[in-house]
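Dear colleague,

Please find below the structure that I am handing over to you. My notes on what was found in it follow directly after.

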Amino acid sequence: MHIQYLHWNAAHGWRGANALREPAQLVLYFGSREGLESGERYRELRGLYPDGHIVGCSAGGQIHGDDISDDEVVAVALRFERTQVRLASEIVASRDDSRACGERIARQLAAPDLAGLFVLSDGLVANGNELVAGINGIVGPDLPVTGGLAADATKFEHTLVGVDGEPVPNRIAAIGFYGASFRFAHGCAGGWDVFGPSRKVTRSEGSVVMQLDGEPPLDLYTRYLGEEEAAAMPGSGLAFPMRIHDEAEPDRQIVRSVFAVDRNARSLTFAADIPEGCTAQLMRANFDSLAAGAGEAGRQARSALADEIAGDKLAILVSCTGRRRVMGQRTQDELDAVAAELGDDVVRIGFYSYGEIAPPAASGRCELHNQTMTVTVIAEAAA
Amino acid sequence: MTMHRLLARQIRQSTDESGKVDLTKLGELVSAAYEESDGDRRSTDRAIKLMIEELEQTHKRAEQDLGRAREFLDSIIENIPIAVFAKDAKDSRYILLNRAGEEYYGMPREEMLGKTPEQIFPDKIARVVNEQDRRVVDSGTPMFLEGHLLEVGVKGRDRLVNSRKLLIRDGGGAPQYLVGVIEDVTERITNEARISHLAHHDALTDLPNRSAFNAALGERLEQAQEAATSFAVLSLDLDRFKEVNDVFGHPVGDMLMRAAADRLAAEADGAFVARIGGDEFMILMPDDINREDVLGLAERLVETIGTELEVDDYLPHVGLSVGIAFYPDDGVNAATLLANADSALYRAKREGRGRVRVFESEMDQELRDRRLLQHDLRQALEQNQFLVYFQPQARVDGEVIGFEALLRWNHPTRGFVPPDQFIPLAEENGLIVEIGEWVLREACREAASWPRPLQVAVNLSPVQFQAGDLERSIHQILLETGLTPTRLEVEITEGVLIGDFNRALNLLRRLKALGVRIAMDDFGTGYSSLSYLQSFPFDKIKIDRGFISNLEATPQSAEIVRAVLSLAHALHIPVIAEGVETEAQRAFLAREACEEMQGYLVGRPDLIERYLDLVGVTVERRLYA
């Protein structure tokens, strides 16, 4: 596999190094919602790579190497030796449509030699949990599926995904990698700790929580954030995700972030369903524990890549915007931690998301996560 | 000096390609980092403070919940009607006592809590209590004493209690508390005794019941076999008790039964007297009493029951029949002994009641015959062994006005079986319903074929009134045979009206509404209650043959016949006299204005063929029709 890394900024336009000797099969790019929504960047990339598939999404910060930027667009162009790439894409019209979208995408891509799926989805309309469940239902629990939900910084207005076209809202993209040589390794970890008393979800409907211990959840968040910070909900709420314990699935670790606020009902909408009767507990983290969590994700991915690899290795980092919001300038620390685990020989690109898709360390079946760092390494085995 | 990683990064970010540090940018970055740190610290502080507050509240709530749960449990313990106490396992000092416990010990808990048994109870009791406590603490096994007398307290010395003591250990496994429970079970134990008594005694007379008798007999047989002794079993039956019940009602019957039971038990003092159901008793005599003494007792029993019993101002008259079987002569097991005592009883009753009979082996045969006859009876109907005989009924001047249909059984091997032998059997097993219907149908069909519209009278058994739909079947038969209803007369005895009087009366009214005539049979025997005549408009009264045959012999019979006739005439009910055999009898009846007669003087019961001329059929017509 060969990688050409490139990035765009307002001052210099696109710049890149190590041009590919053969035409690219796949181009991945990430930028801010404002930076992508004109469609200009896509059209420029299409000019550069007329024959490749071009897939990208809006983000809450773009990762390239050791750096994070908000106003640059980052991209990689990939040429595989023995791997085929196919795309599937769906429009998700409403939240309830998510599982069906997942199923349709998986059906388009399913094949005996399918070796891995990377998914980029609208981050606000789609129900990531249902989307992943839909995909799992078709391809089975053994096929690795990773990816993330597009973001809109901490504004939560709308998110964009582009699939061989200008990036638009309501879109879901999936990239299928085929062939025996393809290698797909992943890791996923958080670094958050629960604190404070356990609370009962006394009233909820889907992903909207109306009452915790009989109290509107917005009141709880307002107390913990302070009035000033609470005004910046839902973005500021990312500092306090919730761990959900469902008696029906006692072994599952579920972490959910706030996605939307209804100030009249004083209810909160979370990234996925929270069943009534569950136990919920607030979580928080410090800079060091989050960095250590990211390092763990890097270690998992690197150790999963056992074979001898031919050519370049690409790591796609998908981390949660909530982590960035908590860490501020220290966000760099989590990227450093991942880099230290992956080693110098892995090219790193990625974005801050509204939700991460990866199998958790304990089980093979992939899930939607919140507040994690997920690392996907793709490469080709030596012949 | 090692530089902080963040500062190094900030310096790198503020340095341009030429290596020049932009101090303003660096200042901004450092300042922002401070802000972030401050913000994070503030947020952490706030979170910690809130968390403490919340945990405190949670703790407080949990304490309140615990308090409420404790109060709840306390109030349950306080209010259960079982004494509950707890003591320190070390020195048996009381630390808890509920209200029932205060009642049990007869002192307020203030006088007991914090004190040891020695400080509360007399020495002797304190010693017992302490011993029990030590045993439970040392062994670790609970103590459970069942139904013992109350040894302490004021509730009364005759109370029975269940008490238990249980050791509770602390977290380290060391004895901590002794918990005790004392339950007053006096009522429960008394109830159990009462239930057990009820299971073995008859509720009405309080005599042992059938199962108690069977057990006693079984035991006696074992003893007698081992000791080679002999004994007697008496089977007793009150005569006419059912009639007393029917006529005077159950309350009087019950009182009579109790009085009779008392007399039997008193007279048979020393024997095992049991009531085994209805009006039947059994007596198990003591060992080695000779036959004469057993017979003597039996005679005394008959006599004592035969003496009128005055019950609640009534003087119902009942009698007693007794059958006796001896072990080992008349049987060596319970079943044979009982069956033979019953055979003897049956014989006593058959021979006229109020008698004592000892089992003899031919009785056994008799009982078997009876069963055989009952068996044959079942086949008689399907094998066409029944016949209907007709006996003419006439005005006293001799004009035949009708016939009474009479059932006869011509058994293939026995020949004609007397009706008084087989009809009671048919009534016993219910066959009379089917047989009675057959007689009705035959009689009606026959009568319908007669050229002269003569009456036909058919007897109905009380059993037919109790079982089946008599009205419907009579109606059906009338339709089938085409007999005019007014030509049918049904004869009933007062037995029909004894028992469910209202039901019988309703049925009679409905039959009468069909047009059927109703005659009162056997009048003058039994109770002959005048109220029956008042309650239903009978079409005819039939004077029992007994009075007619005695007309010449006893002057009372003539007086009774006169009285019945004058009563009937006063009520405008015609009378038919049964059993008229002589001209003198006919002349008497004619003088006394009796309307109708029946008997050998008019004609014997016979097949209708003999009376064809009376019904208006010429012999030729009958033969060639």
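How many salt bridges does the rule count over all chains? The count comes to 64. Please bear in mind throughout that this is a predicted model.

**Salt bridges within the chains**

In general, side chains of opposite charge can pair when their charged atoms come close. In chain A, the side chains of A:Arg46 and A:Asp164 meet in a salt bridge, with N to O at 3.0 Å. This pair links distant parts of the chain, 118 residues apart: A:Arg46 belongs to helix 2 (residues 40-48) of chain A, and A:Asp164 to the loop between strand 11 (161-163) and strand 12 (171-178) of chain A. A:Arg46 counts as partly exposed at 21% relative accessibility, and A:Asp164 counts as partly exposed at 31%.

A:Arg104 forms a salt bridge with A:Glu90, where the closest N and O atoms are 2.9 Å apart. Because A:Arg104 lies in helix 3 (residues 98-109) of chain A and A:Glu90 in strand 8 (residues 84-91) of chain A, the pair ties together parts that are 14 residues apart in sequence. Is A:Glu90 buried or exposed? A:Glu90 is buried, with a relative accessible area of 14%, whereas A:Arg104 is partly exposed, with a relative accessible area of 31%.

In chain B, a salt bridge brings together the side chains of B:Arg610 and B:Asp606 at 3.7 Å, N to O. B:Arg610 is partly exposed, its relative accessible area being 47%; B:Asp606 is partly exposed as well, with a relative accessible area of 22%. A network of salt bridges also links B:Glu404, B:Glu491, B:Lys542, B:Arg545 and B:Glu578.

**The interface of chain B and chain A**

At the interface, 21 residues of chain B are in contact with 19 residues of chain A. The two chains bury about 1700 Å² between them, and 47% of this is on carbon and sulfur atoms. On the side of chain B, the residues that lose the most area to chain A are B:Arg9, B:Glu36 and B:Glu54, which together account for 30% of what that side buries.

Five salt bridges are counted between chain B and chain A. In one salt bridge, the side chains of B:Arg5 and A:Asp333 meet at 3.0 Å, N to O. Which elements of chain B give two or more residues to the side that touches chain A? These are helix 1 (5-14) and helix 2 (23-79) of chain B. Helix 2 of chain B gives the most to that side, with 15 residues.

**The surroundings of B:His411**

B:His411 has its place in strand 12 (residues 400-411) of chain B. Its relative accessible area is 7%, so B:His411 is buried, the cut-off being under 20%. The side chains of B:His411 and B:Asp376 are joined by a polar contact of 2.8 Å. Leaving aside residues up to four places away in sequence, B:His411 touches B:Asp376, B:Gln385, B:Phe416 and B:Val417.

**A nonpolar surface patch**

B:Ile95, B:Leu96, B:Leu166, B:Ile168 and B:Tyr177 form a nonpolar patch on the surface of about 380 Å² of accessible area together. Strand 2 (94-97) and strand 4 (160-169) of chain B each supply at least two residues of the nonpolar patch. B:Ile168, found in strand 4 of chain B, counts as partly exposed at 33% relative accessibility.

**Backbone geometry**

Most residues other than glycine have a negative phi, and most peptide bonds are trans. The following places may therefore be of interest to you.

- A cis peptide bond joins A:Met233 and A:Pro234, with omega about 5°. A:Pro234 is found in the loop between helix 6 (227-230) and strand 17 (242-245) of chain A.
- The peptide bond from B:Tyr327 to B:Pro328 is cis, with omega near 0°. B:Pro328 is in the loop between strand 9 (319-327) and helix 11 (334-350) of chain B.
- B:Asp522 is not a glycine, yet has a positive phi of about 55°. B:Asp522 is found in strand 16 (residues 517-523) of chain B.
- B:His572, also not a glycine, has a positive phi of about 60°. At 71% relative accessibility, B:His572 counts as exposed.

With kind regards

Definitions and conventions
Residues numbered from 1 in each chain as written. Chains lettered and ligands numbered in written order. Predicted model: local features only at pLDDT ≥ 70, side-chain atom pairs only at ≥ 80, totals over all residues. Heavy atoms only, no water. Helix = DSSP H or I, 4+ residues; strand = E, 2+ residues; numbered from the N terminus. Buried < 20%, exposed > 50% of the residue type's maximum accessible area, 1.4 Å probe, protein only. Polar contact = N/O pair within 3.5 Å; in protein donor to acceptor, adjacent residues only side chain to side chain. Contact = heavy atoms within 4.5 Å. Patch = residues over 30% accessible without salt bridge, like charges linked within 9 Å, V, L, I, M, F, W, Y side chains within 5 Å. Areas by Shrake-Rupley, 256 points an atom, 1.4 Å probe, with all protein chains shown as cover. Salt bridge = Lys/Arg side-chain N within 4 Å of Asp/Glu carboxyl O. Buried area = accessible area lost by both parts, 1.4 Å probe.
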